[in-house]
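This report describes a protein chain, with attention to its aromatic rings. The structure comes first, and the description follows.

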Amino acid sequence: MRTLLAPLLIGLLYASTPASLFAQQPATPLDSMPYSPSLDLTSLDRSVNPCDDFYRFTCGGWMKKNPIPADQSNWSVYAKLANDNQQFLWGILADDAKATNRTPNQQKIGDYFAACMDTAAIDKRGISPIRPELDAIDKLRDRKALIAYIGPLNSRMMGTFFFDAGPTQDPGDSSQMIAEVGAGGLGLPDRDYYVKTDPKSEETRQKYLAYITRILTLSGESSAQATQDAATILRIETTLAKASLTLVERRDPYKLYHSMSVADLEKINPAVSWPAYLAAQGAQAVSSLNVTQPDFQKTLSSVLSTEPLPALKVYLRFHVLTAAAPSLSSPFETASFDFYSHYLRGTEQMPPRWKRCVRGVDHNLGEALGQEFVRRTFSPETRQKTLLMTDQIEQAMQSEIERLDWMSPTTKVEALRKLHAIRNKIGYPDKWRDYSKLDIRPGDYFGDVVRATQFESNRQWAKVGKPVDRTEWGMTPPTVNAYYDPQMNDINFPAGVLQPPLYDPKSDDAPNYGNTGSTIGHELTHGFDDEGRQFDAQGNLKDWWTKEDAQGFEDRINCLRNQFANYIVVDDIHINSKLTSGEDVADLGGTLLAYIAWQKTIENQRLKPVDGFTPDQRFFIGFAQWACENTREASRRLQALTDPHSPGFARINGIVSNMPEFATAFGCKVSQPMVKQKVCKVW
């Protein structure tokens with residue numbers, strides 16, 4: 001589902017080893033895998049004083065014994081659990097690929113996986129699966145035909161061609177689905193990659209040109225022609241990038257909400273026949289829609305109207321190839337990996353084929369695979385315990401809102417109304433997705449990918465003009481992550497993230513509240529961060545704050561922005577705290593709420609130290625150990641430019657230094673680094 005804002009996440013990327021690994025390494029059931037308890041004492045570095053560097057104290061041992069695997073750009077507690085989940089899913093898919101008595105869903109996920117694993121057949125086909133698309137582009141004889149071709153192309157190929165479009169919740173009426181047209185059309189991760197002039201950005205653009213040339217050469221172009229075409233593609237993309245909003249600007253939902261009629265959209269971008277485009281998506285009845293970036297549409301109209309037809313055709317040709325590359329033969333897949341994963345993220349080698357195929361099934365048939373995962377790994381008892389913890393943290397949030405000295409009674413009423421309206425989604429959907437109309441054919445991997453993409457595009461566009469389905473999820477059940485959706489006003493915790501060591505139902509409450517409890521609180525407070533606070537209880541874009549309250553909120557957020565802007569990510573690159581402030585505020589507020597809820601839970605208990613740590617110390621160690629990570633330099637650079645999350649060390653040290661409860665628990669002195677004389681506090 002497309003939304004005005006991307007769901008706000010707590011916290012895994014594309015990435016060959018021989019296909020024979022499929023037979024050499026059997027999957028292991030999760031319930032028999034060895035795992036550390038929620039409080040991992042072996043991850044500590046006791047040579048570090050927790051009051052000097054709490055992150056290093058809690059994660060230093062983990063960092064030493066967990067070097068980054070060659071097929072990863074970073075390695076973390078989350079990534080390790082995701083790897084365990086993938087290995088378990090591999091076992092499910094390997095069984096379903098060869099079983100004879102299968103349910104319809106088992107047939108689809110098994111046949112998709114088997115076709116993906118058949119690298120000999122994929123390599124034998126080479127470029128032939130995408131050749132019809134390339135031939136069709138070559139046969140486009142005029143500008144009008146090319147522009148008309150964008151519509152069907154956007155619906156059947158992964159990627160965006162010149163722009164993005166699809167359904168979204170109406171920001172003015174969150175109960176309804178409307179059509180939306182956005183920016184897009186870039187091959188680099190963000191618009192800043194095209195406009196920054198520092199040496200590293202210049203190098204990245206040269207590497208990108210080399211990648212474009214390589215892909216075009218693989219498709220049959222001469223080296224000289226491919227080099228010339230690469231320059232053309234970069235020129236077009238740079239024009240589109242300069243007209244796009246920055247990531248920081250896109251944090252303001254009002255800058256992304258421009259309701260207009262289709263006729264008005266045609267006035268600012270007359271190059272595209274929008275009624276024809278919408279009809280190609282099956283949305284011919286649309287008369288009005290949201291245009292996220294009107295200035296982008298004006299520039300796009302100029303590009304489509306003035307660029308020579310051969311330039312537009314080679315742009316389309318490249319973007320079709322780069323979207324298809326991970327699903328084509330090894331030379332294309334390797335070229336894609338070498339640039340997007342090896343260069344941009346520092347990943348040394350592709351993940352084994354089985355991992356890539358598991359990810360493909362999860363991406364295209366996630367809820368069919370998710371049913372198999374949930375049935376084996378997620379008990380009703382775990383779901384109920386997590387729901388109880390969520391309720392307790394929401395009660396803590398209510399108490400904190402009621403006690404705020406900077407929020408007026410009028411705004412408090414609306415804040416509490418929104419809090420009580422939040423829907424808690426734990427584990428898996430109550431209603432599973434129907435894949436009966438998706439045709440998955442044995443031995444036709446590329447065809448399966450295209451049909452799955454078309455199936456999802458059709459499913460999404462069919463939502464336009466209909467009521468919002470508030471039971472739908474934006475993540476699959478095996479996913480190791482969580483999110484808050486401001487327009488749905490719900491928090492979502494897939495079963496995949498509610499597994500040891502992140503959540504251990506056999507453990508005592510202190511580390512569970514410190515880890516999972518803080519994550520629940522994190523997602524909850526996203527409803528009230530600099531983005532989420534601009535939506536009301538129903539998820540409508542609406543200013544429900546008094547002017548004075550809004551200013552008081554910004555003043556408190558600026559305290560964190562100023563603090564986090566001083567942290568260095570790599571070399572002289574600092575955290576872009578204007579980009580990360582929503583996550584930083586959620587980390588601080590979520591940890592405080594989890595601590596309050598946990599204290600309420602144990603208020604009538606006399607808990608003793610365990611393993612030499614007091615209950616409060618165990619809470620904070622549990623909190624910190626979810627963030628243990630090692631990250632490659634290239635990936636740190638990418639994250640600094642594009643990731644709204646701060647690095648792990650800042651997400652821990654930057655939070656506990658603002659919590660007097662932490663200083664008390666570890667007996668920290670005022671002069672020590674983990675103690676701030678003037679703490680930042682929002683909630």
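Rings of Phe, Tyr and Trp (its six-membered ring) count as a pair if their centres lie within 6.5 Å; planes under 30 degrees apart are called stacked, over 60 edge-to-face, and the rest tilted. By this rule the structure holds 40 aromatic pairs.

The model is predicted: local features need pLDDT of at least 70, side-chain atom pairs count only at pLDDT 80 or more, and totals for chains, interfaces and linings use all residues. Residues are numbered from 1 along each chain as its sequence is written, and side-chain values use heavy atoms, with hydrogens and water left out.

| Pair | Distance between ring centres | Angle between planes | Class |
|---|---|---|---|
| tryptophan 274 and tyrosine 277 | 5.7 Å | 70° | edge-to-face |
| tyrosine 595 and phenylalanine 619 | 5.3 Å | 75° | edge-to-face |

Tyrosine 595 belongs to helix 23 (residues 577–601) and phenylalanine 619 to helix 24 (residues 615–625); 24 residues apart, the two link distant parts of the chain. Helices here are DSSP runs of H or I with at least four residues, strands are runs of E with at least two, and both are numbered from the N terminus. Tryptophan 274 and tyrosine 277 are three residues apart in helix 12 (residues 274–280), so about one helical turn separates them.

Tyrosine 595 and phenylalanine 619 are both buried, as are tryptophan 274 and tyrosine 277. Buried means under 20% relative accessible area, exposed over 50%, and partly exposed in between (1.4 Å probe, protein chains only). One aromatic cluster is formed by Phe54, Phe57, Tyr595, Trp598, Phe613, Phe619, Phe620, Phe662 and Phe666.

**Charges over rings**

A charge sits over a ring if NZ of Lys or CZ of Arg is within 6 Å of the ring centre and within 35 degrees of the ring normal. Lysine 418 lies over the face of phenylalanine 528, 5.6 Å from the ring centre. Arginine 533 is placed over the face of tryptophan 545, at 4.8 Å from the ring centre.

**The whole chain**

The protein chain contains 27 helices and twelve strands. Its C-alpha trace spans about 80 × 60 × 50 Å along the principal axes. The radius of gyration, taken over C-alpha atoms, is compared with a globule rule of 2.2 Å times the number of residues to the power 0.38. For 683 residues a compact globule would have a value near 26 Å, and the 25 Å of the protein chain agrees with this. Of the 683 residues, 60% are buried.
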